[in-house]
Amino acid sequence: MITKKILIFGASGQVGRYCIRRFVKNNYKVFAVTRNVHKKGYILKTQAPIGYLDIIEANIFDENKLTELISKVDVCVNLVGILYEKGNVNTFNNIHTIFPKKLAQICYSKKVKLVHISALGLDKVKDSKYASSKINGEKFVREILPSTTIIKPSLVYSVDDNLTTKFMGLLSVLPFFPLYYGGKTKFTPIHVSELAELIFYVISKDLYSKTIEAIGPEVLTFKEILQTLMKCIKKNRILFPMPLILARLSAFFMQVMPQPLITQDQINLLKYDNIKTKSGVTNFDIGCPSSLKFEDTVKDYAFNWTEGGQFSSS
Ligand SMILES: NC(=O)c1ccc[n+]([C@@H]2O[C@H](COP(=O)([O-])OP(=O)(O)OC[C@H]3O[C@@H](n4cnc5c(N)ncnc54)[C@H](OP(=O)(O)O)[C@@H]3O)[C@@H](O)[C@H]2O)c1
């Protein structure tokens, strides 16, 4: 029997797919929004049993459509996010600020609960458009709909991510790899299944109006993350501290690619630690701790990048 109706924006992404599976397991019906049902439908439709998932193609800037969709559900989960801008519409401001603001306004008018996913470690960042757009989005959402739960994850990883899989791909072919800021920036990686569990926990326990920092059980530096990935794929590469000027220059050229490996905005962001803030409330504090360790978990799928593996160079 269906117990709640949940509308997910950004449902086809890494976090979205895990959320769908977690929600339907508990008899929630999911309405999954994607921009392109032909491209993403195949991956979405396998995430839930018949009757528990509706896949909806929509433009997230179509206010009438948003209102129509939000009116039908109990909870709306916003997972839409981008790492780089594309053209004049897919900008950080439109995606991370204007869209959540609109969602909060409609959720408020329709009395629908909102869970908004932002990101950790951005509060002190001054020189990143990604960071300021996310922070502004949080501010609007909190102001318009104070009952919103805002979840701020550190790095989210899994076999479906754009992080460990990308890095393992690069480490398996490149003889060396750059370390930005000496590789000293700290992160608290959380496995996507534990983030999905936290989002489910918030909804199932009716924990609204909180801001929760979503962290994993360990603090790892950027260098330690790369060293762990190398260990997992059984490769030894030279990690060299890249001078900032060179990092910026390479990012300047890379960011014009259709799917840039790194942008100047990300170089700026990498300067700041991505760990729990002093006064922040985390998933541990609210009774939903994470326990999956980075190395143990990555090991389970890293074989694909080891010799003879699906994505190996040899
Ligand atoms: N992954 C991390 O390490 C991490 C860390 C901190 C915070 N977060 C935040 O967590 C949330 C979910 O992350 P994720 O890893 O699941 O991201 P993801 O895999 O990149 O998925 C993002 C989703 O956003 C949707 N999207 C992107 N641009 C859009 C646009 N212009 N219009 C409509 N939809 C758009 C895409 O949906 P369609 O293509 O189907 O339309 C996609 O499913 C994001 O807000 C992200 O910023 C992630």
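Trainee: Where is Leu79 found?
Mentor: In this predicted model, Leu79 is found in the loop between β4, which covers 75-78, and α4.

Trainee: And is Leu79 buried or exposed?
Mentor: Leu79 is buried, because 21 other C-beta atoms lie within 10 Å, and the cut-off for that class is 20 or more.

Trainee: Which residues is Leu79 in contact with, if I leave aside its neighbours within four places in sequence?
Mentor: With those set aside, the contacts of Leu79 are Ile8, Phe9, Gly10, Ala11, Gly13, Val15, Gly16 and Ile117. As for Pro100, which is 21 residues apart from Leu79 along the chain, the two C-alpha atoms are separated by 9.8 Å.

Trainee: Switching to helix packing, at what angle do α4 and α5 cross?
Mentor: The axes of α4 and helix α5, the latter being residues 129-144, cross at roughly 10° and come within 8 Å. The two helices are therefore roughly parallel to each other, since angles under 35 degrees are put in that class.

Trainee: Which residues meet there?
Mentor: On the α4 side they are Phe92, Asn93, His96, Thr97, Pro100, Lys101, Ala104, Gln105 and Tyr108, and on the α5 side Lys129, Tyr130, Ser133, Lys134, Asn136, Gly137, Phe140, Val141 and Ile144. By class, this contact of α4 with α5 has 8 nonpolar, 7 polar and 3 charged residues.

Trainee: What about α3 and α4, how do their axes lie?
Mentor: Helix α3, residues 63-70, and helix α4, residues 92-110, have axes that come within 10 Å and cross at roughly 45°, and the pair is therefore oblique. The crossing in which α3 passes α4 is right-handed.

Trainee: And which residues of α3 and α4 meet?
Mentor: Glu63, Leu66, Thr67 and Ile70 from α3 meet Lys102, Leu103, Ile106, Cys107 and Lys110 from α4. Sorted by class, the contact of α3 with α4 has 5 nonpolar, 1 polar and 3 charged residues.

Trainee: Backbone next: what is the phi of Lys111?
Mentor: Lys111 has a positive phi of about 55°, although it is not a glycine. That deserves a remark because most residues other than glycine have a negative phi. Lys111 sits in the loop between α4 and β5, the strand at 113-117, and counts as exposed, with 11 C-beta neighbours inside 10 Å.

Trainee: What about Tyr181, where does it lie?
Mentor: Tyr181 lies in the loop between β8 (176-179) and β9 (186-187), and its phi is also positive, near 55°. Tyr181 counts as partly exposed because it has 17 C-beta neighbours inside 10 Å.

Trainee: Last one, is Leu261 buried or exposed?
Mentor: Leu261 is exposed, with 12 other C-beta atoms within 10 Å, and its place is in the loop between α9 (244-254) and α10 (264-269). The C-alpha atoms of Leu261 and Ile275 are separated by 23 Å, the two residues being 14 residues apart along the chain.

Terms used:
Residues are numbered from 1 along each chain as its sequence is written. This is a predicted model: local features need pLDDT of at least 70, side-chain atom pairs count only at pLDDT 80 or more; totals for chains, interfaces and linings use all residues. Axes are lines fitted to C-alpha atoms, for helices over the stretch in contact, and angles run from 0 to 180 degrees between N-to-C directions. Helices (H or I, at least four residues) and strands (E, at least two) are DSSP runs, numbered from the N terminus. Angles under 35 degrees count as roughly parallel, over 145 as roughly antiparallel, 65 to 115 as roughly perpendicular and the rest as oblique. A crossing is left-handed if the near helix is turned anticlockwise from the far one by less than a right angle, and right-handed if clockwise. Two residues are in contact if their C-beta atoms, placed from the backbone, lie within 7 Å. Ala, Val, Leu, Ile, Met, Phe, Trp, Tyr, Cys and Pro count as nonpolar, Asp, Glu, Lys and Arg as charged, and the others, Gly among them, as polar.
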